[in-house]
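Subject: A structure for you to explore

Hello! Here is the structure I promised to pass on, and below it you will find my notes on what turned up.

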Amino acid sequence: NLLKENELKKMNDTEKWLLAGAYKLAGIEQTAKQISSEAGTKVQDYNELNETYGSGLRDKAIILEMLTLFKSNNQANDLYNEILKALSSDEWYSTQTLGYSLMAVGKYIQANSQDFNKNPDMSGYILMPDGKRIGFNTAKVNFNQIIPDGFEGKQISIHLDKKTNVKNVFINLEWNGVPINPNISDEKKNLSLDVDWLNEDGKTLDITNLKQGTSFYGHFRITNISGLSLSELALVQLIPSGWEIENTRLSNDSAPAWTTSYKLNMEKYTDIRDDRIMWFFDLPSNQKYYDFVVKLNAITEGKFILPPTIAETMYSKNYRAVKTGKNIFVKNK
């Protein structure tokens, strides 16, 4: 009531729909109808990197959820198709945006399930690259076909029979595997990343050929070259199977003397696991760079791949830096 009396005229369309939805769920239909009649579907395009992690698409999903609640199908249909088009694109979206969009689409489909799923009947065939046809005929709302071979990244097409009577058909092609060699290159987008491997005296170390039992350090420097204050960054380093992270927090070991010139311990949280270490932090515009150090040991003899080092803001694709990994060897001591 306070929001309605004091802030309604200042609200954007997304906020008006949320307030109208609150009144509707409270059973105050007249007020809900009054507020919703003044709300459109205009959304500003933006991306918020912290706090609510909002975005233009996220706000459209909020409005779709409210339109579904109010059974405003004409407006909801257009917004539903717009959100689906966005989700089907190759565009990067944050977890908040994807989560809210999928929830709103799901509620819309559930509310209109009779239109979507009334006597579903899908039939047709999948045309493989070699010309082979794989037929399908199902009365269920989904159909899955495993393609064990004959694909190899080539074109596949799906053809529906005219008797297929479902209103909307969506197609997903999924594949998985482990790359023989990681196809990743250096990247610098509004962030700069420097990686050094140092011996116990702080001198540069060649990590491609280490003896078992060698203790050494990884030093990572993240530089903010965007000119903006950045929030919710993550620095992630996976380690090869032949290495082991030495958790100095458990041993209470102090940092080496040669790290005194570094800007250390600026992270909000550090997550140390068997195969990786992750630092989470903010990087204000008045701080040019932060440093991070991890102590490592060469343990297992053999040839391994050092995965790339990745630093990025977790809620935007526009702030990211990558340093490629390399082949390493741990030899018998």
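**The second largest pocket**

The lining of the second largest pocket is made up of 10 nonpolar, 6 polar and 6 charged residues. Please keep in mind that this is a predicted model. The pocket has a volume of about 460 Å³. It is lined by 22 residues, and those closest to its centre are T248, R249, N265, V293 and V294. Which strand gives the most to this lining? That is β12, with 5 residues. At least two residues each come from α8 (248-251), β10 (269-272), β11 (276-283) and β12 (289-298).

**Salt bridges**

Strand β12 turns up again here. The side chains of R221 and D291 form a salt bridge, 2.7 Å from N to O. Because R221 lies in strand β7 (residues 215-224) and D291 in strand β12, the pair ties together parts that are 70 residues apart in sequence. Are these two buried or exposed? D291 is buried, at 1% relative accessible area, while R221 is partly exposed, at 23%.

K268 and D282 make another salt bridge, with their closest N and O atoms 3.4 Å apart. K268 sits in the loop between α8 and β10, and D282 in strand β11, 14 residues apart. K268 is exposed, with a relative accessible area of 53%, and D282 is partly exposed at 28%.

The whole structure has 16 salt bridges, and E187, E312 and R320 are linked in a network of them.

**A nonpolar patch**

On the surface, I158, L160, V169 and I171 form a nonpolar patch, with about 320 Å² of accessible area together. I158 belongs to strand β3 (residues 157-160).

Enjoy looking around!

How values were computed
Residues are numbered from 1 along each chain as its sequence is written. This is a predicted model: local features need pLDDT of at least 70, side-chain atom pairs count only at pLDDT 80 or more; totals for chains, interfaces and linings use all residues. Side-chain values use heavy atoms; hydrogens and water are left out. Patches are made of residues with over 30% relative accessible area and no salt bridge: like charges are joined within 9 Å, nonpolar side chains (Val, Leu, Ile, Met, Phe, Trp, Tyr) within 5 Å. Accessible areas come from the Shrake-Rupley method with a 1.4 Å probe; for residues, only the protein chains shown count as cover. A salt bridge is a side-chain nitrogen of Lys or Arg within 4 Å of a carboxyl oxygen of Asp or Glu. Helices (H or I, at least four residues) and strands (E, at least two) are DSSP runs, numbered from the N terminus. On a 1 Å grid over the protein atoms alone, a cavity is a set of points where a 1.4 Å probe fits but cannot get out, and a pocket is an open set with protein on both sides within 12 Å along at least five of seven lines; lining residues have an atom within 4 Å of a point. Grid points are joined across faces, edges and corners, and a volume is the space filled by probe spheres set on the points. Ala, Val, Leu, Ile, Met, Phe, Trp, Tyr, Cys and Pro count as nonpolar, Asp, Glu, Lys and Arg as charged, and the others, Gly among them, as polar. Buried means under 20% relative accessible area, exposed over 50%, partly exposed in between (1.4 Å probe, protein chains only).
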